[in-house]
Amino acid sequence: MNGFAKVITTLIGSLMLLVWMAADDPMPYALSYPSNFGNRISIPKNNPTSKAGVYLGRHLFYEGLLSANNKISCSSCHEQKRAFTDGRTFSVGVDGSKTSRNSMALVNLLWTRKFFWDGRTTGLEAQAAFPLSNPHEMGQPLAVSVAKLRRAPKYPALFKNAFGDTAITPERITQAIAQFERTLISAGSPYDKFLAKTYIPSTLELQGMQLFNTMPQPGKKIRGADCAHCHGGGKTYLELFHNNGLDEISADQGIAAITGLDSDHGRFKIPTLRNIALTAPYMHDGRFSSLQQVLDHYSEHLKQKHLSPFLKGSSNKTGATSLQLSAHEKKAVIAFLNMLTDTAFTSNPEFSNPNKPITPLNK
């Protein structure tokens, strides 16, 4: 063995030791995030976040045994390189059928309370349970998943490290996945660096930032894109549900299917804009393939019948029913949206498949 090979072997051995130590560590997981994200986090008292729990959850997130065909995992619809989306209009489940809505990004979930486009579940634990058992997604009862994991050599020890004994239960499966998902914090984009005064935006990016945060007032000759109304704050989303004028009559009723209220027709959860340049296609039904199309919609094509009130009349032209942005203004807003891409997040090894072979350093 030559000197270089010995170094590689030593590094891999050290890495494996660190991984083993992390897997067996009951200590709390240090959740680190900027102060502008706020401290209104959501962690249930019966599921504190530990290093061992997060490590188990990471294995389960990438585990095909949790699906009926042993091939689909959470990561199948939530790929790290795509900011935990899948690039499809609709995802494909174990039975070959397509989901009814576009796969949402898994990012900064630590602050989230309502999940899915219609907010049907409260808490990450409940969110994790739904796709696992849905017959058109992963398609497997949690009781069957428990039996499979009990037979897998590595899991009894991982569950013991995380929960104190080797018992594998449906509740512990969803708790571990939720623990891992709470660590998916994106706060290292150029925009974050700008806020920390370590990044100097281009002129176009600054123009886009100004438009993003400004409500148009044509009477005062103040132009804006009014994006912050829904996507304001450090996390670039507010936990609200709105009809954003996609259709006069929506084929998908959104939260109205749950509440039964006509005023909720076509209302969907406002998604985060973190890593938005990586998460196409856009909207609950994936109808827009590009950010340009999204800006065109808000600029020229808002449907008015069920449009949320705060969007009505938001325009850079007096009397108009949509934003009426110029081509240059759209370009500037898109430049700013690209500032929200966090490559450290999409390449963070702590979020990657723990079973993926280590790539030699010389390749």
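Mentor: Let's take the cores, then a helix pair, then the salt bridges.

Trainee: What should I know about the model and its numbering?
Mentor: This is a predicted model, where local features need pLDDT of at least 70, side-chain atom pairs count only at pLDDT 80 or more, and totals for chains, interfaces and linings use all residues. Residues are numbered from 1 along each chain as its sequence is written, and side-chain values use heavy atoms, leaving out hydrogens and water.

Trainee: How many residues are in the largest nonpolar core?
Mentor: It has 38 residues. L60, Y155 and I173 have the most contacts inside it. A nonpolar core here is a set of buried Ala, Val, Leu, Ile, Met, Phe, Trp, Tyr and Cys residues joined through side-chain atoms within 4.5 Å. Buried means under 20% relative accessible area, exposed over 50%, and partly exposed in between, with a 1.4 Å probe and protein chains only.

Trainee: Which helices each supply at least two residues of this core?
Mentor: α2 (51-61), α4 (124-133), α5 (142-151), α6 (155-163) and α7 (170-182). α2 gives the most, with six residues. Helices (H or I, at least four residues) and strands (E, at least two) are DSSP runs, numbered from the N terminus.

Trainee: What is Y155 in contact with?
Mentor: Leave aside its neighbours within four places in sequence. Then Y155 is in contact with L56, H59, L60, E63, L149 and I168. Contact means heavy atoms within 4.5 Å.

Trainee: Switching to helix packing. At what angle do α9 and α13 pack?
Mentor: About 95 degrees, with the axes 7 Å apart. α9 covers residues 203-212 and α13 covers residues 327-338. That makes α9 roughly perpendicular to α13. Roughly perpendicular is 65 to 115 degrees; under 35 is roughly parallel, over 145 roughly antiparallel, and the rest oblique. Axes are lines fitted to C-alpha atoms, for helices over the stretch in contact, and angles run from 0 to 180 degrees between N-to-C directions.

Trainee: And which residues meet there?
Mentor: Among them, L204, M209 and F212 in α9, and V333, F336 and L337 in α13. The residues of that contact divide into nine nonpolar, three polar and three charged. Ala, Val, Leu, Ile, Met, Phe, Trp, Tyr, Cys and Pro count as nonpolar, Asp, Glu, Lys and Arg as charged, and the others, Gly among them, as polar.

Trainee: What does α12 pack against α13?
Mentor: Its buried residues. Those are L291, V294, L295, H297 and S299.

Trainee: Now charges. How many salt bridges in the whole structure?
Mentor: A search finds 15. A salt bridge is a side-chain nitrogen of Lys or Arg within 4 Å of a carboxyl oxygen of Asp or Glu.

Trainee: Which residue pairs with E125?
Mentor: R182, with the closest N and O atoms 2.9 Å apart. E125 sits in helix α4 and R182 in helix α7, 57 residues apart.

Trainee: Is E125 buried or exposed?
Mentor: E125 is buried, at 16% relative accessible area. R182 is buried too, at 2%.

Trainee: How far apart are the N and O atoms of D247 and R287?
Mentor: 2.7 Å. D247 lies in the loop between β3 and α11 (256-259), and R287 in the loop between β4 and α12 (291-300), so the pair ties together parts 40 residues apart in sequence. D247 is partly exposed at 24%, and R287 is partly exposed at 32%.

Trainee: Which residues are linked in a network of salt bridges?
Mentor: R101, D118, R120 and D252.
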